[in-house]
Amino acid sequence: AAGGTLLKRGRPTGLGLLLILCFILFAVSFGTWGRVAAGPNAPPWYDDPYSYFALGCCAVGAPLLLARALASIMYERRLNMFALMSLAVAGALGLRQFWEAAAIVFFFVLSEAVQKWCVHHTSTQAGALGGLLPSSVVTVGGVEKPIEQVQLGEELLLKPGARVPVDGFVTSGESSVDESLITGESLPVAKRAGDAVTAGTTNQTGVLTVRVGALPADSTAAQLTALVSEAQSAGGKREQILERFARWYLVLLVLFALCVALVPLGWCDWNGEDESGGFIGAAPHSHIGERDACVTWLHRALAIIVIACPCSLVVAMPITYACGVSSLARWGVLVKSSRQLELLASLTTIAMDKTGTLTEGRFRLHQMAVGAAAESTERVVQLAASIESLSQHPVAAAFLDFAQSLQVEPLPVDGFLILEGIGVRGVVSGVTVHVGSERMARSVLKEAARAAGER
């Protein structure tokens, strides 16, 4: 995010200061319109103090515009829209239309600032992916070290509640892992030896030993974070078409402007008349202040360059893409590229995962079916809620909320034990209670049947 934000520790950065200064100078330069309103009686530009504010705006912001244009010429060997904007600024200055030149410069600086802010804001939002990776890891031998020193094939120890630091495979242990960050699915996934785990997910219940399959920089979380930066830098299809169009458009525009300026010189008389007896016509121009037909055509050539500059496209398109990617990142949607962003305009049908996307991703227990041997639904809920009150599993909150809706208070628990990957167990009022998965239920029923047969 370095260089992307307009503020650093509460103070404006270089680009932020440039935007503020250009805004002040450009805002004050609006006073030049008083001179335009005066018409032929307007004083010359050098007697108008507001003209100097417009020139100051150009002097402050034009170097950045010129640098962008020269960078494309020197490193990419091509002309872009920034070169055309630079030419338009020069033309406006040649016409002594200083406010128009300041407007081009100001809106260019504004677009740069907004685009940089969007990139920084997106990096902040997407940085949550990279920020979820722990700064240190614990090896099987109990040694703690920075995550940057992790090596391929190394085995790491993951305790309950720890973030998975790398992509890898479980070598021992059983647990449930929250993969909602990557998949969007809120339901925890059971993991045992041989199963794959993904960096950025959360180990919930048991202790796992994980063999490193990819370095943190190559993990899924790191790749997802990089997608945002790629989407910001890779222009959309329309933006790329605009860049290709600019290569030829700028050349043709300059050639046309040269023709407008040079071809009439063959008939031009610098005394204000031409060989055909007034072909050109020397009309007075307030911005020129003289009746010179030849100079008039030169001014017309410059005016063509200024008018033909597509400043709105140059300013609007990058901002649109950057802000679009930024907004989606704020809502938790990562865009692979700006081309995918363009496809949203033509979508007619959207299919999406419901859990955690259209819903909150929080589990709720709406009803419970109990066997004939149970005393009552409230009794079963009380026993289950008592055990789940000590559990950190996401489903545990659903039991507690359901018990609260029935006005059932949990009871004290003795001998609470987490059965890794399958559930929890404890003793409530002398009754051994198991709460867990179907695999756990089958195991408990199997043990009960075996105990009954031994009797």
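A salt bridge here is a side-chain nitrogen of Lys or Arg within 4 Å of a carboxyl oxygen of Asp or Glu. With that in hand, let's walk through this predicted model.

Q: What makes Glu 112 and Arg 68 a salt bridge?
A: Their side chains meet at 2.5 Å, N to O. The cut-off is 4 Å, so the pair qualifies. Glu 112 sits in helix H5 (residues 98-131) and Arg 68 in helix H3 (residues 49-75), so this pair links distant parts of the chain, 44 residues apart.

Q: Why is Glu 112 called buried?
A: Its relative accessibility is 8%, and buried means under 20%. Glu 112 therefore counts as buried.

Q: What about Arg 68: why is this residue called partly exposed?
A: Arg 68 has a relative accessible area of 30%. Buried means under 20% and exposed over 50%, with partly exposed in between, so Arg 68 is partly exposed.

Q: What makes Arg 439 and Glu 174 a salt bridge?
A: The N to O value is 3.6 Å, and the limit is 4 Å, so this pair counts too. Arg 439 belongs to helix H14 (residues 438-454), while Glu 174 lies in the loop between S6 and S7, 265 residues apart. Arg 439 is partly exposed at 39% relative accessibility, and Glu 174 is partly exposed at 26%.

Q: How do you know that Arg 442 and Glu 438 are separated by about one helical turn?
A: They are 4 residues apart in helix H14, which means about one helical turn.

Q: Why is Gln 204 called buried?
A: Its relative accessibility is 13%, and the cut-off is under 20%, so Gln 204 counts as buried. Gln 204 lies in the loop between strand S10 (202-203) and strand S11 (208-214). Beyond its neighbours within four places in sequence, its contacts include Pro 160, Asp 178 and His 393.

Q: How do you know that S7 and S10 pair?
A: Strand S7 (residues 175-178) and S10 are joined by 2 bridges and run antiparallel. Pairing needs at least two bridges, so these strands pair. Within S10, Asn 203 is the bridge partner of Val 177.

How values were computed: Residues numbered from 1 in each chain as written. Predicted model: local features only at pLDDT ≥ 70, side-chain atom pairs only at ≥ 80, totals over all residues. Heavy atoms only, no water. Buried < 20%, exposed > 50% of the residue type's maximum accessible area, 1.4 Å probe, protein only. Contact = heavy atoms within 4.5 Å.
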